[in-house]
Amino acid sequence: MARVLRATPSSSWETPMPLRVLLVLVVFLLGITTPASAQESVTWGVRPAGTDGRPNYGYSAAPGDTIRDAVAIANHGDRPITLLVYAADGFTTTSGQLDLLPAGQPSTDLGTWVALAQSQVEVPARSAVEVPFTITVPADAGPGDHSGGIVTSLAVPESSGGVRVDRRLGSRVHLRVTGEEKPALAIEGLSVAYDGNPFGFGTATVSFRVTNTGNLRAGGTQTIAVEGLFGLGGRERSVSVPELLPGAGSDFTVPFADVAPLVWLDASVRLVPQVAGGGALAEVTAETGTWAVPWVALLVLVAVAGLVVVLRLRARRRRAATDRRIAEAVEEALTGVR
């Protein structure tokens, strides 16, 4: 039987975060930058309704449940504004940040579960309004985290400096569907390249991708290390993994300067995943390697080896010549005796 849930403050699994509103400036004219004053002209704010101080929306529900809540929209300006209000799926950007799909791109997940009481609202000057909404979790919804947001935007995009922009403010929605939880992060495509200086040290660059292969939001910390033969010249760096939505990934390129060319270079990544609002998972590791040839030393070695060979050949020829002279002298002496 389906349940109707009352909105509550973020559940215990929700990671406490400062309120992050999304501001997206959509530029329709390619090659033209948005004026610096564009963000300053935004005169409204968006937050979860209520007085509990929620930084965003966080729910836990079972398939078939219905959640009722509201979004509060405040107009800080001196004129009324008309805003579109809609829901959209969330996604992880290439920089590892949570963003929401633009209005023209249809949602397929949480954004389709949200029904707003109004799709457009007029907010009087220096006032605030609340727009109720419901979230209906499909009966066949997969377990784990589903993310999206409630978005507001000007009903008529403005023009600034000849550039048409669409300003959007939104509040995140994270919903965890009950069921089997499978948190997991994976390291993919690990590679290391060595750009050596023939007359000194070089730069080792480690590249890889961290992908959320589980069904819960997760980030983590990771240690990237490089070292030469027998562990010589070891170096390491710590890099954090942003919170990734299920199925999302983030690319990393980690350079190490002044790495000695020690013939062979090993690279490794040690990742400790952290579930959003939960504990750490088992460590994930990956290793690879590449040649780091010390060309100057190799050339010196080749030159020394070549010199040794030449000297030995000369010594052998001298010994052969000496042997021939001795043999000839002996032959002459024996001939004189006869």
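This is a predicted model: local features need pLDDT of at least 70, side-chain atom pairs count only at pLDDT 80 or more; totals for chains, interfaces and linings use all residues.
Is Arg-270 buried, exposed or partly exposed? Arg-270 is partly exposed, with a relative accessible area of 36%.

## The protein as a whole

Let's begin with the overall picture. The protein has 21 strands and two helices. Of its 338 residues, 41% are buried. The accessible surface comes to about 18,300 Å², and carbon and sulfur atoms account for 57% of that area.

Among contacts between residues at least 6 apart, 73% join residues at least 24 apart.

In soluble globular proteins, nonpolar side chains tend to be buried together. Here, the largest nonpolar core has 29 residues, and those touching the most other members are Trp-44, Ile-73, Ile-135, Ile-150 and Leu-175. A second, separate core holds 25 residues, including Val-192, Ala-218, Phe-252 and Ala-292.

Leaving out residues up to four places away in sequence, Ile-73 touches Trp-44, Gly-45, Leu-83, Val-85, Val-121 and Val-123, among others. Its contacts also include Ser-127, Ala-128, Val-129, Val-131 and Thr-152.

## Strand 17 and its partners

Strand 17 covers residues 218-227, and eight of its ten residues are buried. Strand 17 runs antiparallel to strand 18 (residues 235-244), with eight bridges joining the two.

Ile-187 belongs to strand 15, which covers residues 185-195. With a relative accessibility of 16%, Ile-187 counts as buried, because the cut-off for that class is under 20%.

What does Ile-187 contact, apart from its neighbours within four places in sequence? The list is Phe-208, Arg-209, Val-269, Leu-271, Val-284, Thr-285 and Ala-286. Arg-209 is 22 residues from Ile-187 along the chain, yet their C-alpha atoms are separated by 5.8 Å.

## Charged pairs

The count of salt bridges comes to nine. One of them brings us back to Arg-270, which pairs with Glu-283 at 3.6 Å between the closest N and O atoms. Glu-283 sits in the loop between strand 20 and strand 21 while Arg-270 is in strand 20, so this pair ties together parts that are 13 residues apart in sequence. Glu-283 is partly exposed, at 46% relative accessibility.

Two other pairs are worth a look. Arg-54 forms a salt bridge with Asp-52, their closest N and O atoms being 3.3 Å apart. Arg-54 is buried, with a relative accessible area of 9%, whereas Asp-52 is partly exposed at 39%. Lys-182 and Glu-180 form another, with 3.9 Å between the closest N and O atoms. In that pair Lys-182 is partly exposed at 49%, and Glu-180 is exposed at 54%. Salt bridges also link Asp-145, Arg-176, Arg-217 and Glu-243 in a network.

## A nonpolar patch on the surface

Which residues form a nonpolar patch on the surface? They are Leu-229, Phe-230, Leu-232, Val-263 and Trp-291, which together have about 580 Å² of accessible area. Trp-291 is found in strand 21, residues 284-292. The relative accessible area of Trp-291 is 57%, so this residue is classed as exposed, a label used for values over 50%.

Phe-230 lies in the loop between strand 17 and strand 18, and its phi is positive, about 60°, although it is not a glycine. Phe-230 is exposed, with a relative accessible area of 80%. Val-263 lies in strand 20 and has a phi near 75°, again a positive value in a residue other than glycine. Val-263 is partly exposed, with a relative accessible area of 35%.

Conventions. Residues are numbered from 1 along each chain as its sequence is written. Side-chain values use heavy atoms; hydrogens and water are left out. Patches are made of residues with over 30% relative accessible area and no salt bridge: like charges are joined within 9 Å, nonpolar side chains (Val, Leu, Ile, Met, Phe, Trp, Tyr) within 5 Å. Accessible areas come from the Shrake-Rupley method with a 1.4 Å probe; for residues, only the protein chains shown count as cover. A salt bridge is a side-chain nitrogen of Lys or Arg within 4 Å of a carboxyl oxygen of Asp or Glu. Helices (H or I, at least four residues) and strands (E, at least two) are DSSP runs, numbered from the N terminus. Buried means under 20% relative accessible area, exposed over 50%, partly exposed in between (1.4 Å probe, protein chains only). A nonpolar core is a set of buried Ala, Val, Leu, Ile, Met, Phe, Trp, Tyr and Cys residues joined through side-chain atoms within 4.5 Å. Contact means heavy atoms within 4.5 Å. Two strands pair if DSSP finds at least two bridges between them.
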